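Please keep the sequence and the model in view while reading.

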Amino acid sequence: MMKNKKVLIIGESSGIGLALAKTLLANGTEVIIASRTAAEKKKHFKLA
């Protein structure tokens with residue numbers, strides 16, 4: 001349903017935002033993430 005779509009998620013470092021980002025990525029959605037620190041993003045995702 002969300003294949004070939006782009007989604008912006010703000011506050012993805014924990015909780016619902018993190019779960020949503022991982023689920024969307026697993027389903028082929030391009031996910032753009034924003035959090036307060038780069039360290040949080042690196043901890044959860046392999047960044048390009």
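Does Thr29 count as buried or exposed?

## Thr29 and the loop

Thr29 counts as buried, because its relative accessibility is 4%; buried means under 20% relative accessible area, exposed over 50%, and partly exposed in between, with a 1.4 Å probe and protein chains only. The loop that holds Thr29 runs between α1 and β2 (30-34). Helices (H or I, at least four residues) and strands (E, at least two) are DSSP runs, numbered from the N terminus. Neighbours within four places in sequence aside, Thr29 is in contact with Met2, Lys3, Lys5, Val7 and Leu24, where contact means heavy atoms within 4.5 Å. Gly28, which follows α1, has a positive phi, near 90°.

## Basis of the model

The model is predicted: local features need pLDDT of at least 70, side-chain atom pairs count only at pLDDT 80 or more, and totals for chains, interfaces and linings use all residues. Residues are numbered from 1 along each chain as its sequence is written, and side-chain values use heavy atoms, with hydrogens and water left out.

## Chain overview

The chain has two helices and two strands, in the order β-α-β-α from the N terminus on. Of its 48 residues, 25% are buried. Among contacts with a separation of 6 or more, 42% are between residues 24 or more positions apart.

The accessible surface of the chain is about 3800 Å², and carbon and sulfur atoms account for 58% of this surface. Accessible areas come from the Shrake-Rupley method with a 1.4 Å probe; for residues, only the protein chains shown count as cover.

## Met2

Met2 sits in the segment before β1 (6-10). With a relative accessible area of 29%, Met2 is partly exposed. Apart from neighbours within four places in sequence, the contacts of Met2 are Val7, Leu24 and Thr29. The C-alpha atoms of Met2 and Leu25 are 9.6 Å apart in space, while the two residues are 23 apart in sequence.

## Helix α1

Helix α1 covers residues 15-26, 12 residues in total. At 1.5 Å a residue the helix should span 16 Å, and its end C-alpha atoms are 17 Å apart, which agrees; the expected span is 1.5 Å times one less than the number of residues.

Which residues of α1 are buried? They are Gly17, Leu18, Ala21 and Leu24. Seen down the axis of α1, these buried residues fall within an arc of 135°, so they line one face of the helix; the arc is that of the directions from the helix axis to the C-beta atoms. An α-helix has 3.6 residues a turn, so residues three or four places apart point the same way. On the face of α1 turned away from the buried side are the exposed residues Gly15, Ile16 and Ala26.

Leu18, in helix α1, counts as buried at 14% relative accessibility. Leu18 and Ile33 are 15 residues apart in sequence, and their C-alpha atoms are 9.4 Å apart.

Lys6 lies in strand β1 and counts as exposed because its relative accessibility is 62%. From Lys6 to Ile32 the C-alpha distance is 7.3 Å, at a sequence separation of 26 residues.

Leu8 also lies in strand β1 and is exposed, at a relative accessible area of 55%. Together with Ile10 and Ile32, Leu8 makes a nonpolar surface patch of about 330 Å². Patches are made of residues with over 30% relative accessible area and no salt bridge; like charges are joined within 9 Å, and nonpolar side chains (Val, Leu, Ile, Met, Phe, Trp, Tyr) within 5 Å. A salt bridge is a side-chain nitrogen of Lys or Arg within 4 Å of a carboxyl oxygen of Asp or Glu.
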